[in-house]
Amino acid sequence: MKNHWMKARWIGLITVLMVFLSGCGKNHLSTLRPAGEVGQEQFNLMILSIIIMLFVVAVVTILFTLAVVRNRRSKRGEDFQPKDVASNHTLEVIWTAVPIVLLIILAVPTVYLVFKQADTSASVTEDGEVNPEETVINVRAYQYWWEFEYPAEGVVTSQDLVVPTDTRVYFNLLGADVKHSFWIPAAGGKMDTNIDGINSFYLIFDEDAAEETDRLFYGKCAELCGPSHALMDFKVTALAEEDYDQWLADMQAIEEPVQASSEDAQAGQEIFADSCMGCHATTSTGAGAMGPNLTNFADRELIAGYLEHNEENLQEWIRDPETLKPGNKMTGTYDLTDEEIELVSAYLMELSVEEGSGDLEALEESRHGGGDGESEDEESPEDDEDEEEGN
Ligand code: HEC
Ligand SMILES: [Cu+2]
């Protein structure tokens with residue numbers, strides 16, 4: 001009797017777990033819901049290997065069960081000896097040939113896709129320059145943040161990656177300090193960012209998939225790189241081609257640091273020039289800096305890759321980055337009073353490039369539920385963020 005109860009409890013537990021798991025697989029960060037061709041190909045490969053695995057498991061289980069059931073002592077008697085099939089020629093041929101065939105079935109598409117997805121030859125011209133016809137982005141991974149350079153356009157940004165939809169986006173990956181790994185689960189990857197050589201691949205972001213997720217995908221560092229590895233996130237905004245071009249033009253237009261408008265922000269700008277400018281650029285040029293480029297800081301989705309973007313969090317970050325992101329390279333490099341922190345954050349909150357492109361502002365509002373309900377998607381990324389950050 002008790003045994004039956006134990007069984008029922010297990011079934012209950014497993015059912016609850018399954019319901020729980022079905023909550024996984026959000027559009028904007030799941031490998032299981034590919035957002036483009038590369039992700040889809042990798043997903044298909046996963047399915048193929050799972051089918052082959054299940055086939056092997058099924059065949060072995062059936063043979064094993066048959067052998068056990070048919071040769072039971074109670075049925076066959078005490079002295080029964082099963083037939084000796086050691087070195088049976090036919091059987092040996094079968095169990096050598098079948099795995100070889102299975103491995104070939106797995107190997108052919110795998111090798112084909114490995115080469116196909118690593119083919120970035122279109123991203124360079126014949127004389128080795130970046131091809132201006134293609135979207136090429138140089139990614140540099142730092143402990144614990146990301147820098148994105150658009151070499152053909154001369155634009156640099158950080159933390160929030162902006163890409164066009166429905167076209168190949170070529171990435172050249174490099175690590176600045178230790179080895180990291182670049183991963184946008186919904187779109188494909190991952191690939192290591194090494195220190196001593198560039199790794200390249202491309203991803204595609206479908207326009208339809210982008211619309212479903214309010215144009216926001218999640219990116220991650222997928223290589224344990226230090227105490228704040230888990231906080232080394234970035235966001236990907238996938239825009240239709242013309243909005244993307246507009247964004248690039250807006251970035252390019254900022255050739256000089258934007259003059260702060262309010263009085264507080266002006267005072268903040270001076271503090272920034274004294275204490276922060278050494279590491280942070282406020283024009284969209286110059287890759288390889290000590291800290292993230294802040295040209296479009298106010299337009300970003302998050303602060304430091306994971307904090308909700310508001311002035312309170314910004315001040316907290318400037319006051320005590322070490323608590324928020326242990327081991328980061330900004331800690332202890334300046335000494336500001338609370339008042340100075342307020343002024344400098346007032347300045348940073350003015351660093352926006354999106355005046356020119358109303359579409360991006362509308363997008364921002366729909367992501368944050370401020371708009372008139374463009375985001376019907378009940379699994380909008382916003383919901384998820386609330387869970388993750390526990391606000
Ligand atoms: C020694 C170089 C250095 C100095 C000086 C410095 N920072 Fe930073 N800052 C960094 C680094 C590195 C990061 C990235 C930290 C991380 O996420 O791991 C960062 C991140 C930030 C971020 C988050 C950026 C983003 O895109 O989310 C803000 C905002 C910021 N710093 C503001 C400031 C301000 C304001 C000052 C001056 C009071 C300052 N920093 C001084 C190096 C520096
Ligand atoms: Cu990392």
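Which polar backbone atom is 2.5 Å from an oxygen atom of ligand 1? In this predicted model, the atom belongs to Ala 304, and the pair is a polar contact, that is, a pair of N or O atoms within 3.5 Å, where within protein one must be able to donate a hydrogen and the other to accept it, and residues adjacent in sequence count only if both atoms are side-chain atoms. Local features need pLDDT of at least 70 and side-chain atom pairs count only at pLDDT 80 or more, while totals for chains, interfaces and linings use all residues. Residues are numbered from 1 along each chain as its sequence is written, chains are lettered from A and ligands numbered from 1 in the order in which they are written, and side-chain values use heavy atoms, with hydrogens and water left out.

The iron atom of ligand 1 is coordinated by His 280 through NE2 and by Met 330 through SD, at 1.9 to 2.1 Å, donors being N, O and S atoms within 2.8 Å of the metal (3.2 Å for Na, K and Ca), with water not among the atoms, so sites may look incomplete. Its 6 donor atoms subtend angles of 86 to 178°, and the arrangement is therefore octahedral, a class requiring opposite donors over 155 degrees apart and all others between 65 and 115. His 280 lies in the loop between α7 (263-275) and β11 (302-303) and Met 330 in the loop between α9 (321-324) and α10, so the pair ties together parts 50 residues apart in sequence; helices (H or I, at least four residues) and strands (E, at least two) are DSSP runs numbered from the N terminus.

The copper ion (ligand 2) is coordinated by His 180 (ND1), Cys 221 (SG), Cys 225 (SG) and Met 232 (SD), at 2.2 to 2.6 Å. Because these 4 donor atoms subtend angles of 89 to 129°, the arrangement is tetrahedral, for which all angles must lie between 85 and 135 degrees. Along the chain, the donors follow the spacing H-x40-C-x3-C-x6-M.
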